[in-house]
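Please look through the sequence and the three-dimensional model shown here.

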Amino acid sequence: MGKPHPIELRERVAAFVDEGHGHREAARHFRVSPKFVNDLIKLRRETGSLAPRAQGNGGGHGKLAGLSAWIEMRVADTGEITLDELVAELAETHGVAVHRGTV
């Protein structure tokens, strides 16, 4: 995922639009996309802030969300356990079918 534009740029773009310039004109002036300008003004209208929204999915809600303590315990108990063995144990013990890359 890309990095959000700096807050200084966001403030300057919003001020430019507040001066009466159009969104497309602001986009050309600051060399950003018109969608960025539209989304920025919409964000300010909805939240009252120009700070970027959080990126990503937030985590903590996947198949293994409730099993992280169990996984850590199994790894600590056995010392050396392969991902394939851990996947098999998850399926057998908890009925959770996951790919080894998920673990």
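The model is predicted: local features need pLDDT of at least 70 and side-chain atom pairs count only at pLDDT 80 or more, while totals for chains, interfaces and linings use all residues. Residues are numbered from 1 along each chain as its sequence is written, and side-chain values use heavy atoms, with hydrogens and water left out.

A nonpolar core is a set of buried Ala, Val, Leu, Ile, Met, Phe, Trp, Tyr and Cys residues joined through side-chain atoms within 4.5 Å. Here, buried means under 20% relative accessible area, exposed means over 50%, and partly exposed lies in between (1.4 Å probe, protein chains only). The largest nonpolar core has 14 residues, and Val13, Phe30, Val32, Phe36 and Val37 are those with the most contacts inside it. H1, helix H2 (23–30) and H3 each supply at least two residues of this core, and the largest share, 5 residues, comes from H1. Helices (H or I, at least four residues) and strands (E, at least two) are DSSP runs, numbered from the N terminus. Contact means heavy atoms within 4.5 Å. Leaving aside its neighbours within four places in sequence, Phe30 is in contact with Leu9, Arg12, Val13 and Phe16. A second, separate core has 10 residues, including Trp70, Ile81, Val87 and Val96.

Trp70 leads on to helix H4, whose buried residues are Trp70, Ile71 and Arg74. These three lie on the same side of H4, because they cover an arc of only 100° around the axis; the arc is that of the directions from the helix axis to the C-beta atoms. On the other side of H4, Ala69, Glu72 and Ala76 are exposed. What covers the buried residues of H4 includes H5. Just after H4, Gly79 takes a positive phi of about 80°.

With a relative accessibility of 19%, Arg74 counts as buried. Leaving aside its neighbours within four places in sequence, Arg74 is in contact with Ile81, Leu86 and Glu89. Arg74 forms a salt bridge with Glu89, the closest N and O atoms being 2.6 Å apart. This pair links distant parts of the chain, with Glu89 in helix H5 (residues 83–94) and Arg74 in helix H4 (residues 68–78), 15 residues apart. Glu89 counts as partly exposed, at 22% relative accessibility. A salt bridge is a side-chain nitrogen of Lys or Arg within 4 Å of a carboxyl oxygen of Asp or Glu.

By this rule, the count comes to 5 salt bridges. Another of them joins the side chains of Arg44 and Asp18, at 2.8 Å from N to O. This pair also links distant parts of the chain: Arg44 is in helix H3 (residues 34–47) and Asp18 is in helix H1 (residues 7–18), 26 residues apart. Arg44 is partly exposed, at 26% relative accessibility, and Asp18 is exposed, at 51%. A further salt bridge is formed by the side chains of Asp39 and Lys35, at 2.6 Å from N to O. Asp39 and Lys35 both lie in helix H3, 4 residues apart, about one turn of the helix. Asp39 has a relative accessibility of 36% and is partly exposed, whereas Lys35, at 56%, is exposed.

The backbone oxygen of His5 lies 3.0 Å from a polar atom of the Arg10 side chain. Leaving aside its neighbours within four places in sequence, Arg10 is in contact with Pro4, His5, Phe36, Leu40, Leu43, Leu50, Ala51 and Pro52.

One further arginine belongs to a loop. Arg31 lies in the loop between H2 and H3, and at 78% relative accessibility Arg31 counts as exposed. The phi of Arg31 is near 55°, a positive value in a residue other than glycine.

Conventions: Polar contact = N/O pair within 3.5 Å; in protein donor to acceptor, adjacent residues only side chain to side chain.
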